[in-house]
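Hi there,

Here is the structure I promised to pass on to you. Have a look at it first, and then read my notes below.

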Amino acid sequence: MTETALTQAALTEAALTEAALTEAALTEAALLAPELARICGAANVITDPLDLRTYECDGLTSHRSTPAVVVLPGTAEETAQVVRECAARGIPFVARGSGTGLSGGALAREDGVLIVMSRMRTILEIDPVSRRAVVEPGVTNLAISKAVQHLGLFYAPDPSSQVVCSVGGNVAENSGGAHCLKHGFTVHHVTGLEIVTPQGELTWLGNGTGTAEGYDLVGAFTGSEGTLGIVTKVIVKLIPIPEQIHTILAAYETTSEGGRAVSDIIAAGVLPAAIEMMDALSIEAAEAAVHCDYPAGAGAVLIVELDGPAAEVEAELATVRAICEQAGAGEIRAADDPEQRAVIWAGRKSAFAAVGRISPEFIVQDGVVPRTSLPAVLARIAELSEQAGIRVANVFHAGDGNLHPLVLFDGPEQEAAAEELSGAILDICLDHGGSITGEHGVGVDKSRYMPKMFNADDLDTMQLIRCAFDPAHLCNPGKIFPTPRLCGEVPGNHRKRPPLPPGVEIF
Amino acid sequence: MNAERPVVLPRTTEDAASVLRDAADRGLTVVPRGAGLGWASRDADLIVDTRELGQVMEHAAGDLVAKVQAGATMGHVAQVLAEAGQRLALDVPPDVTVGGMIATGLAGPLRFRYGSPRDLLIGITVVRPDGTIAHSGGKVVKNVAGYDLGKLYTGSRGTLGLITEATFRLHPLPQAVAYLIADGLGRAAAVETVIAAANSPLQPSAVELSADSAGVLLEGTTDGVAERARQLAGQLGGMAVSDVPPPWWGRLPEPPGTVIRVTFWLARLAQVLDIVASSGTECTVTGPAGAGMLYLCTNTDARELISVLRAAVAGRGSVSVLTDPWTPADPLMRAVRDQFDPTGRFAHAG
């Protein structure tokens with residue numbers, strides 16, 4: 001046998017062994033179903049292949065993987081028991097909220113258990129004096145604001161999926177939203193988390209005050225994309241509803257004119273709640289979808305929202321109006337009642353879905369650049385778009401430099417070029433000192449870009465946290481990091497061993 | 001801090017890394033030090049002093065972002081940023097270094113509106129105990145790529161290695177400020193004032209308590225602040241309005257004595273103050289009460305007070321003795337520390 005043939009044989013054998021192992025792993029996860037049914041009730045365990053397909057992807061539909069079994073725990077204790085079962089058997093598990101994530105962060109494992117948190121949707125406590133609420137992870141983002149509205153309070157982070165997305169998912173992804181320019185992200189509004197550790201223990205991070213002794217584990221956990229444990233309770237901050245909210249729409253011939261207005265607003269010392277911009281193509285799409293009636297022929301629309309005490313908003317409004325005019329706005333509209341404000345926002349809020357009207361398929365990209373680099377970055381994107389013959393509609397949070405280029409394509413023959421352009425946009429962001437994701441997360445979608453943003457030591461150091469929380473690497477494995485770090489034994493094992501499930505003996 | 005111990009003063013992150021690699025090879029215990037203002041003294045074979053790491057490396061005014069070395073004092077940073085009409089909204093005493101502030105999680109009265117260092121830190125460079133340099137975050141405000149090491153190093157008190165550089169989100173300096181001050185308040189009135197101010201949609205930047213005085217800071221445009229001060233003073237009653245702070249504003253406790261930090265849900269403010277008053281322990285009470293935090297400072301035995309307070313805020317707050325060295329006790333924190341510093345050489349409390 002030649003050397004090549006030998007190698008070939010060895011490879012075939014390895015592949016066969018791997019297939020057998022995978023088969024065994026699949027079976028092992030599926031065999032867990034009766035145990036999961038004992039813990040959570042048979043009605044809350046899904047094993048039917050057709051039903052399992054419902055859970056094969058999250059909001060990022062280009063990645064699909066059907067879980068071996070799905071379980072929907074009803075309590076924190078049940079969640080902990082489920083995780084203990086997985087940990088004891090070395091079966092990987094993935095937590096999922098409403099499944100609206102855009103980076104495949106909740107993508108299931110074929111050899112694993114998908115733990116769906118949507119049954120846990122009770123608002124447990126509202127303390128209006130401390131301005132805190134304690135909620136279960138399956139509670140939707142908007143449900144919190146609705147529950148506290150009568151107290152004059154709201155929950156600030158407002159991802160565009162807030163009607164359906166879950167707070168637990170928001171914690172995992174450190175979700176932002178249009179208004180995070182002024183009000184911050186999920187991490188700024190979460191002050192305590194009850195979690196199930198990857199070993200299956202229930203524990204608290206933080207105490208709801210925002211200051212705990214030692215490392216800020218609430219902060220480190222938030223945005224860890226479900227890789228450090230499963231959230232079972234969340235303590236959130238509530239803030240007083242602003243006395244006044246004023247929304248301004250300014251139309252420009254070009255995005256660079258609009259960009260000038262943004263720079264001048266920041267330079268004037270005004271911090272709006274939101275600054276959003278749409279380019280001509282995304283305006284066209286929004287017009288086609290929702291007839292938002294934005295100024296005809298505008299090359300860019302800028303939306304600026306001011307909120308706060310009435311006396312401040314009045315003063316800032318005059319400044320912002322003047323700046324928008326000076327930057328060459330063709331038309332300015334302003335609204336302070338909820339209905340009119342909603343009209344202004346309608347086009348922006350519909351933008352992602354609206355693009356479906358002008359293109360059969362599209363990729364939603366999420367990148368960040370320093371705000372002042374926006375004009376240069378937009379120009380470069382336009383160049384690449386023209387070269388590739390692929391259209392790009394730009395919708396962005398102009399205030400914080402977070403771009404959402406929508407890369408439009410038609411059919412499989414354009415798909416590769418669209419993917420390439422979408423990736424090239426991230427390279428542009430990195431060239432300008434930016435980030436590969438501002439709010440959608442890394443998940444499975446962008447792990448391959450992580451080494452472009454961070455060096456090997458950076459990634460190794462981040463994974464020390466992973467090793468501290470999940471040395472067995474069972475909790476949402478395969479996300480964020482392109483190469484998992486081996487977690488060596490460390491002196492002094494302070495973690496308790498998970499208790500053995502009933503009936504299991506050690507030999 | 002033990003003065004006879006060798007002190008090294010690195011000038012760059014790479015310098016610091018080579019020092020720490022060497023210390024690791026020799027198995028030396030190490031304590032990072034900033035301005036040396038820390039209340040809890042710790043002994044070590046080697047002290048790494050950051051004062052030569054004192055530069056503001058980059059101030060991107062248009063992006064409202066600044067990158068600074070860890071040994072820069074907050075006073076120096078404030079001066080540089082003010083030239084462009086901006087600030088880092090963490091009003092700690094000016095001598096405090098950036099690294100010291102992060103490592104202790106220290107913040108001033110502005111904590112009420114802007115939070116603590118973890119809320120404004122967007123990128124960090126550290127040297128691990130083994131000498132490895134690591135970064136996380138970046139220089140953009142919005143960024144969810146990778147784990148946020150900055151959060152981990154906030155409050156780490158030197159136990160995870162040395163912080164060498166930090167990038168922060170900035171804010172514009174306000175056009176105008178107004179301090180609303182009430183003195184000689186009884187306990188009930190003080191609690192009422194703090195809670196009403198903290199929950200006001202007039203958006204205070206700070207809500208402070210100091211002995212029997214309460215103070216509220218409003219910041220914003222000239223017209224806006226004047227109008228809000230008028231409204232809030234009317235709502236709260238008995239407040240004097242001034243454009244300068246009272247002498248006690250933002251002043252941290254001054255040892256000798258035991259410094260205790262109590263954090264709590266605001267609804268328990270009255271309970272916390274009642275416990276302190278009825279304990280018979282003579283102590284000063286100051287701090288950002290509206291943000292659910294108070295500093296107590298006493299020269300007498302405070303053990304009984306501490307245990308009563310701990311029981312009272314259990315699960316909904318914390319009681320920390322800041323004059324004692326800290327070491328991670330929580331199992332997850334220990335697991336993290338063991339990953340970064342398996343042999344416990346850094347800022348060892350023992």
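How many residues of chain A are in contact with chain B? The answer is 74, and they meet 74 residues of chain B. Please keep in mind that this is a predicted model.

On chain A, the side that touches chain B takes at least two residues from each of α8 (217–221), α9 (255–267), α11 (310–326), α15 (450–453) and α16 (456–469). Of these, α16(A) gives the most, with nine residues. If you sort the residues of that side by type, you get 30 nonpolar, 29 polar and 15 charged.

How far can you trust chain A? Its mean pLDDT is 91, and 92% of its residues reach 70 or more. Two stretches call for care. Residues 1–6 of chain A have a pLDDT below 50, and this stretch has one contact beyond near neighbours in sequence. Over residues 490–507 of chain A the pLDDT also stays under 50, though the model has 23 contacts for them beyond four places in sequence.

Next, a sheet to find in chain B. It is an open sheet of three strands in the order β1-β3-β2, with parallel pairing. At the edges are β1 (7–8) and β2 (30–33) of chain B, each of which pairs on one side only. Strand β2(B) runs parallel to β3 (residues 46–49) of chain B, and four bridges join the two. For B:Arg33, the bridge partner in β3(B) is B:Asp49. Helix α1 (residues 13–26) of chain B packs on this sheet and touches β1, β2 and β3 of chain B. The direction of α1(B) makes about 170° with that of β3(B).

Which of its residues are buried? They are A:Asn141, A:Ile144 and A:Val148. Seen down the axis of α5(A), the buried residues fall within an arc of 65°, so they line one face of the helix.

Most residues other than glycine have a negative phi, and most peptide bonds are trans.

- The peptide bond from B:Pro255 to B:Pro256 is cis, with omega near 20°. B:Pro256 sits in the loop between β14 (240–242) and β15 (258–264) of chain B.
- A:His473 has a positive phi, near 60°, without being a glycine. You will find A:His473 in the segment after α16 of chain A.
- B:Gln203 is not a glycine either, yet its phi is positive, at about 60°. B:Gln203 belongs to the loop between α7 (187–198) and β12 (206–210) of chain B.

Are these last two residues buried or partly exposed? A:His473 has 19 other C-beta atoms within 10 Å, so it counts as partly exposed. B:Gln203 has 20 such atoms within 10 Å, so it counts as buried. The cut-off for buried is 20 or more.

One last stop is B:His348, in the segment after α11 (331–340) of chain B. B:His348 is partly exposed, with 18 other C-beta atoms within 10 Å. Leaving aside neighbours within four places in sequence, B:His348 is in contact with B:Thr29 and B:Arg42.

Enjoy exploring, and write back with any questions!

Terms used. Residues numbered from 1 in each chain as written. Chains lettered and ligands numbered in written order. Predicted model: local features only at pLDDT ≥ 70, side-chain atom pairs only at ≥ 80, totals over all residues. Contact = placed C-beta atoms within 7 Å. Nonpolar A, V, L, I, M, F, W, Y, C, P; charged D, E, K, R; others polar. Buried ≥ 20, exposed ≤ 12 C-beta atoms within 10 Å, placed from the backbone. pLDDT = per-residue confidence, 0-100. Pairing = 2+ DSSP bridges. Axes fitted to C-alpha atoms, helices over the stretch in contact; angles between N-to-C directions. Arc of directions from axis to C-beta.
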